[in-house]
Amino acid sequence: MTGINHAAVGGLLAVALPLPIAIPAALASHFILDMLPHYGIPQERRDKSVFWRFFGTADFLAVIVFLAFVVLVVWQRWDIFICALAAVSPDLVWVARIIRTRSFNLSKNETRFTRWHARIQRLERPWGVFVEIPLAVGLVALLASVIR
Ligand SMILES: [Zn+2]
């Protein structure tokens, strides 16, 4: 699942639940969302796909802008920031590896956690992009409407 969708769901949980419950719920939501059908292409094609590299980079930047500007500067909501960060945090392992190896191919997983995290994403499909982009717009719009 894209980072912006994880972050938006974490933000919605911050609005819906008291913070001590919302933080672990946001973390758990990450893995539930990763089990649902979402965008993905085979790992061995990711470095060759211009669209995949663009989409992954754009998603990463969207999360940074969302957290640092929209949530903290515009909305000034630390609870949403913390829960959105908790919701995206499991994927920071992938981001660190992409930066370190300069490769979007995440097929070589050496820890039990990353093997499990990769395995639960069995429903990654190319058509998932047509679900994830409208979902991101809808979730961020929903979050914006419920915080006011
Ligand atoms: Zn994930």
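Student: Leaving aside its neighbours within four places in sequence, which residues is Ser29 in contact with?

Tutor: Val9, Leu13 and Ala87. Keep in mind that this is a predicted model.

Student: What makes them contacts?

Tutor: Heavy atoms within 4.5 Å make a contact. Val9, Leu13 and Ala87 each meet that test with Ser29.

Student: Is Ser29 called buried or exposed, and why?

Tutor: Its relative accessibility is 7%. Buried means under 20%, so Ser29 counts as buried. Ser29 sits in helix 2.

Student: Which residues hold the zinc ion?

Tutor: The protein donors are His30 (NE2), Asp34 (OD), Asp91 (OD) and His117 (NE2).

Student: How do you know that they are donors?

Tutor: Check the distances. They lie 2.0 to 2.2 Å from the zinc ion. The cut-off for a donor here is within 2.8 Å, so these atoms qualify.

Student: Why is the site called irregular?

Tutor: Look at the angles among the four donor atoms. They run from 87 to 177 degrees.

Student: What does the pair His30 and Asp91 tie together, and why?

Tutor: His30 lies in helix 2 (residues 19-35), and Asp91 lies in the loop between helix 4 (78-88) and helix 5 (92-101), so the pair joins parts that are 61 residues apart in sequence. Both His30 and Asp91 are buried.

Student: How do you know that helix 7 has the expected span?

Tutor: Helix 7 (residues 129-146) has 18 residues. From its first C-alpha to its last, helix 7 reaches 26 Å.

Student: Which residues of helix 7 are buried?

Tutor: Val129, Glu132, Ala136, Leu139 and Leu143. The elements they pack against include helix 1 (3-16) and helix 3 (50-74).

Student: What makes a group of residues a nonpolar core?

Tutor: Buried nonpolar residues must be joined through side-chain atoms within 4.5 Å. The largest such core here has 26 residues. Among those with the most contacts inside it are Phe66, Trp75 and Leu143. Helix 4 gives the most to this core, with seven residues. A second, separate core of six residues includes Tyr39, Ile41, Phe104 and Val129.

Student: What makes Gln76 stand out?

Tutor: Its phi is positive, about 50 degrees, although Gln76 is not a glycine. Gln76 lies in the loop between helix 3 and helix 4.

Student: Is Gln76 buried or exposed, and how do you know?

Tutor: Its relative accessible area is 58%. Exposed means over 50%, so Gln76 is exposed. Now try Arg102, with a phi near 55 degrees. Arg102 has a relative accessible area of 76%, so it is exposed too.

Student: How do you know whether the chain agrees with a compact globule?

Tutor: Set its radius of gyration against the rule. With 148 residues, a compact globule would be near 15 Å. The chain has 15 Å, so it agrees.

Note on methods:
Residues are numbered from 1 along each chain as its sequence is written. This is a predicted model: local features need pLDDT of at least 70, side-chain atom pairs count only at pLDDT 80 or more; totals for chains, interfaces and linings use all residues. Side-chain values use heavy atoms; hydrogens and water are left out. Donors are N, O and S atoms within 2.8 Å of the metal (3.2 Å for Na, K and Ca); water is not among the atoms, so sites may look incomplete. Four donors count as tetrahedral if all angles lie between 85 and 135 degrees; four count as square planar and six as octahedral if opposite donors are over 155 degrees apart and all others between 65 and 115; anything else is irregular. Helices (H or I, at least four residues) and strands (E, at least two) are DSSP runs, numbered from the N terminus. Buried means under 20% relative accessible area, exposed over 50%, partly exposed in between (1.4 Å probe, protein chains only). The expected span of a helix is 1.5 Å times one less than its number of residues. The radius of gyration is taken over C-alpha atoms; the globule rule is 2.2 Å times the number of residues to the power 0.38.
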